[in-house]
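Could you walk me through this structure, one selection at a time? I have it open in my viewer and would like to know where to click and what I will find there.

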Amino acid sequence: MKKLSARRRHPLAAVVVLLFALAVTGGLYAAFAPAESAKADDTAQSLAIEEGKKLYSVGCASCHGTGAQGTSDGPSLVGVGSAAVDFQVRTGRMPMQQQGAQAPRKKPVYTQAETDQLAAYISSLGAGPAVPSKDQYSPDGGDIAKGGELFRTNCAQCHNFTGKGGALSNGKFAPSLEDVDPKHIYEAMQTGPQNMPSFPDTTMSQKNKKDIIAYLDEVNTSKSESPGGLNLGGLGPVSEGLFGWIFGLGALIALAIWVAARTAKAKKS
Amino acid sequence: MSTAETKAAGSKPGRKAPAGERVADWADGRLGIYSLAKANMRKIFPDHWSFMLGEVCLYSFLIIILTGVYLTLFFHPSMNEVVYHGSYVPLQGQRMSEAFSSTLHISFDVRGGLLIRQIHHWAALIFLAGMFVHMMRVFFTGAFRKPREINWLFGFLLFFLGMFTGFTGYSLPDDLLSGTGVRFVDGAILSVPLIGTYLSMLVFGGEFPGGDFVARFYSVHILLLPGIMLGLVVAHLILVIYHKHTQYPGPGRTEKNVVGMPLLPVYMAKAGGFFFLVFGAIAAIAAIATINPIWEIGPYRPDQVSTGAQPDWYMGFAEGLIRVMPGWEINIWGHTLVLGVFIPLVIFPLVLFAIALWPFLEAWATGDKREHHLLDRPRNAPTRTAFGVAWIAAYFVMLIGGGNDLWATHFHLSLNAITWFVRIGFFVIPVLSFIATRRICMGLQRRDREKVLHGRESGIIKRLPHGEFVEVHEPLTQEQLHTLTAHEQPKPLELEPEVDKNGVARKASMGQKMKVRLSKSMYGEDKFVPKATAEEYQEITSGHGHH
């Protein structure tokens with residue numbers, strides 16, 4: 001220690017200490033905070049973004065622009081979030097087949113893996129709602145009755161009492177929600193696709209979204225019970241009236257013709 | 001008739017009459033049933049399926065009353081708020097009116113309740129549809145002519161009241177769909193100038209929805225309207241028996257007879273059996289298909305509304321009028337006149353009553369005061385048939401308007417385009433159908449004439465010795481000839497000469513002139529193909545074969 005104490009007044013001591021401090025700070029920095037970003041450059045995430053960008057430039061850029069900034073044919077995708085991408089692409093709405101009042105649901109073009117890559121690219125452009133986790137959107141544990149009330153208050157105006165869909169102006173429409181994946185219902189509420197308003201968590205809590213999904217899962221899937229018999233599309237009095245006229249009155253007229261054709265014959269003498 | 005005489009003649013002294021006869025005698029002494037039975041049991045009814053449409057209505061009405069009585073045993077017409085704890089899980093814990101909760105109770109917890117509810121509702125739809133078709137049968141065959149004009153009005157009134165009985169009925173469960181319908185009616189009431197708000201307060205006992213309307217609709221639905229309708233049904237049937245039934249033209253059928261089967265035993269058996277067929281068919285439909293699933297629709301809350309909120313079909317016409325009417329309104333001196341709602345409210349009865357008043361217009365234009373018991377074939381009354389088709393066209397165009405959203409979603413059309421189609425179609429399509437129907441009727445008359453004179457085209461082509469090809473026409477039978485030529489062809493009215501035979505000038509009144517103009521437009525020269533006369537027939541058939 002004598003050597004050290006003898007040299008601490010050395011003119012170069014300050015330089016040595018400074019170098020040492022810099023080395024420690026730099027070392028610590030290298031060890032902790034920047035370590036992730038430095039590593040990320042060659043991880044799955046950046047690969048996904050890269051791949052997503054490639055897919056994007058082939059399938060989406062013609063309408064949404066090369067940097068997803070939007071064109072006259074399609075809106076900007078900056079900040080829409082991965083939930084929006086997952087919803088639009090996995091329900092087959094995007095890529096659009098043709099420009100029209102609204103993109104209809106169809107068979108998805110991209111696989112889930114490709115969609116995740118697209119979502120990664122789009123969310124790298126700006127923060128937005130993320131794809132929900134399974135415990136967020138699963139109908140298990142939701143309050144069905146509360147969900148029904150919420151549905152009738154917030155959704156039925158466009159989607160009908162039990163989510164059978166309805167018309168909007170000029171060829172636009174609210175689609176039927178029958179058998180839609182709970183994940184996509186959740187994402188739709190989060191992001192408000194196409195003509196739908198969005199219901200962020202500040203407007204409608206995660207719990208309430210779950211309740212609505214639980215309600216739809218109870219009343220509007222192909223396995224939902226219909227205690228009264230055929231539900232005739234669940235469209236209400238129009239389909240009931242049509243059924244009543246065609247099968248109700250139709251059957252009765254057929255019976256009347258049958259009865260009238262079988263008349264008592266006068267005996268031939 | 002006296003029972004004493006028949007007894008003296010019919011039964012030997014010492015032998016006791018059979019029990020049935022003694023009961024009948026006892027009843028006759030007090031009720032006079034023998035003379036009633038003598039007058040009515042042998043009443044003749046002609047056989048035709050279209051004459052059974054009225055029976056369909058009668059029986060479905062009876063079914064509605066029977067099932068309705070069952071429903072009243074369990075329904076609570078109250079708007080008190082309750083919390084649901086019944087067996088339908090998706091509504092447990094929800095607040096709702098007692099009316100809604102008791103309807104859920106009927107549907108899920110009362111034995112047979114849901115089936116009876118569905119029979120009641122399906123029978124109501126079929127009752128109204130049956131009345132519509134029955135009314136059209138009577139219209140197109142001219143069965144409304146003298147002496148049956150009043151019975152026609154009774155029938156029309158039954159249809160009209162049936163619409164409102166149905167409306168008050170489906171509003172009772174106080175569900176979200178019917179509540180929207182009641183809100184619609186409240187809007188229509190409010191649109192009445194000057195007194196609208198007062199009327200609305202009167203109907204709902206305060207601000208909509210209040211706590212009264214279910215109880216009020218209940219007494220209207222189960223007592224007032226069905227009571228009136230039952231009375232009308234009885235009057236309708238009494239008049240049918242009193243006037244005797246109409247019949248289609250045919251050999252042996254005249255204005256003075258009825259060809260058919262007696263009420264007893266043939267028609268009693270047929271009608272009785274047909275009642276059970278109708279009941280069975282409606283019950284089967286109610287067991288197969290659900291109607292008005294109020295548990296899916298949810299309880300009414302004025303702050304909620306659903307798309308696809310339509311009334312039952314018989315009110316769809318009114319719904320269409322409202323949906324396609326532009327939302328016009330006028331603001332004067334701080335008051336609003338909501339024409340977008342008020343004009344449909346006025347058009348609604350006008351269109352309906354147009355068909356009801358046609359018989360009187362026709363009687364006025366023909367000046368015909370005779371009784372008619374032989375029906376017209378629709379083609380032989382082209383103007384009437386065309387008017388009826390035009391009326392139906394207007395009605396159904398409005399039904400399209402009432403379901404415009406479902407047309408849009410199911411046929412991938414624009415809602416706005418459909419609305420515009422209905423707006424224009426309401427005026428144009430009836431006119432086009434009127435013209436087309438009249439032309440078709442004329443064509444059919446011409447075909448009848450050809451058939452009478454030249455026979456039926458047999459499809460057999462024959463080559464004559466000199467090489468000519470001809471089609472063989474089969475001559476009609478005498479019966480067919482009679483059926484095709486028995487009808488009268490009315491002549492249009494003429495204005496009486498301006499100067500009468502004494503040389504006194506007279507002026508035709510405006511009404512007179514209008515009447516003649518109308519008569520000419522209905523029965524003028526180009527409105528009929530002159531039917532084949534006996535002379536023409538003689539000339540053609542006595543000469544050489546087919547040409």
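Predicted model: local features only at pLDDT ≥ 70, side-chain atom pairs only at ≥ 80, totals over all residues.

**Stop 1**

You will find A:Gln194 in the loop between H11 and H12 of chain A. Its phi is positive, about 50°, although A:Gln194 is not a glycine. Most residues other than glycine have a negative phi.

Now select B:Asn292, in the loop between helix H11 (263-288) and H12 of chain B. B:Asn292 is another non-glycine residue with a positive phi, near 45°. B:Asn292 counts as buried because 25 other C-beta atoms lie within 10 Å.

**Stop 1: two cis peptide bonds**

Most peptide bonds are trans. Select A:Met94 and A:Pro95 to see a cis one, with omega about -5°. A:Pro95 sits in the loop between H6 and H7 of chain A.

Then jump to B:Phe208 and B:Pro209, which are also joined by a cis peptide bond, with omega about -5°. The loop that holds B:Pro209 runs between helix H9 (196-204) and helix H10 (213-243) of chain B.

**Stop 2: chain A as a whole**

Chain A has 13 helices and two strands. Its C-alpha atoms fill a box of roughly 150 × 40 × 30 Å along the principal axes. The radius of gyration of chain A is 32 Å, whereas a compact globule of 269 residues would have one near 18 Å. Of those 269 residues, 38% count as buried.

A:Trp258 belongs to helix H13 of chain A. A:Trp258 counts as exposed because it has 12 C-beta neighbours inside 10 Å.

Next, colour residues 44-125 and 134-219 of chain A: these are its domain 1 and domain 2 in the domain assignment. Their C-alpha centres lie 23 Å apart. Where the two domains touch, each of them gives 13 residues to the contact. The side belonging to domain 1 of chain A has six nonpolar, four polar and three charged residues.

**Stop 4**

Select residues 112-125 of chain A, which form helix H7. How far apart are the end C-alpha atoms of H7(A)? They are 20 Å apart, which agrees with the 20 Å that its 14 residues should span at 1.5 Å a residue. Among the buried residues of H7(A) are A:Leu118, A:Tyr121 and A:Ile122.

Move on to helix H12 (residues 206-219) of chain A, which reaches 20 Å from its first C-alpha to its last, close to the 20 Å expected. H12(A) is mostly covered, with twelve of its 14 residues buried. Its buried residues include A:Ile212, A:Tyr215 and A:Leu216. The cover over H12(A) includes helix H9 (144-154) and helix H11 (182-191) of chain A, and also helix H12 (294-297) of chain B.

**Stop 3: where the chains meet**

Display both chains together. The contact takes 52 residues from chain A and 59 residues from chain B. On the side of chain A, the elements that give two or more residues include H9, H12 and helix H13 (237-261). H13(A) makes the largest share of that side, 17 residues. By class, the side of chain A has 28 nonpolar, 20 polar and four charged residues.

**Stop 6**

Finish with chain B, divided into domain 1 (3-40), domain 2 (57-376) and domain 3 (377-489 + 528-547). The C-alpha centres of domain 1 and domain 3 of chain B are 56 Å apart.

Now select B:Trp122, B:Ala123 and B:Ile282, which are among the residues with the most contacts inside the largest nonpolar core, a set of 155 residues. Helix H6 (residues 113-140) of chain B gives the largest share of this core, 16 residues. Apart from its neighbours within four places in sequence, B:Ala123 is in contact with B:Ser60, B:Ile63, B:Ile64, B:Thr67 and B:Ile282.

Methods. Residues numbered from 1 in each chain as written. Chains lettered and ligands numbered in written order. Helix = DSSP H or I, 4+ residues; strand = E, 2+ residues; numbered from the N terminus. Expected span 1.5 Å × (residues − 1). Buried ≥ 20, exposed ≤ 12 C-beta atoms within 10 Å, placed from the backbone. Contact = placed C-beta atoms within 7 Å. Nonpolar A, V, L, I, M, F, W, Y, C, P; charged D, E, K, R; others polar. Rg over C-alpha atoms; globule rule 2.2 N^0.38 Å. Domains from an automatic or database assignment. Core = buried A, V, L, I, M, F, W, Y, C linked by C-beta atoms within 7 Å.
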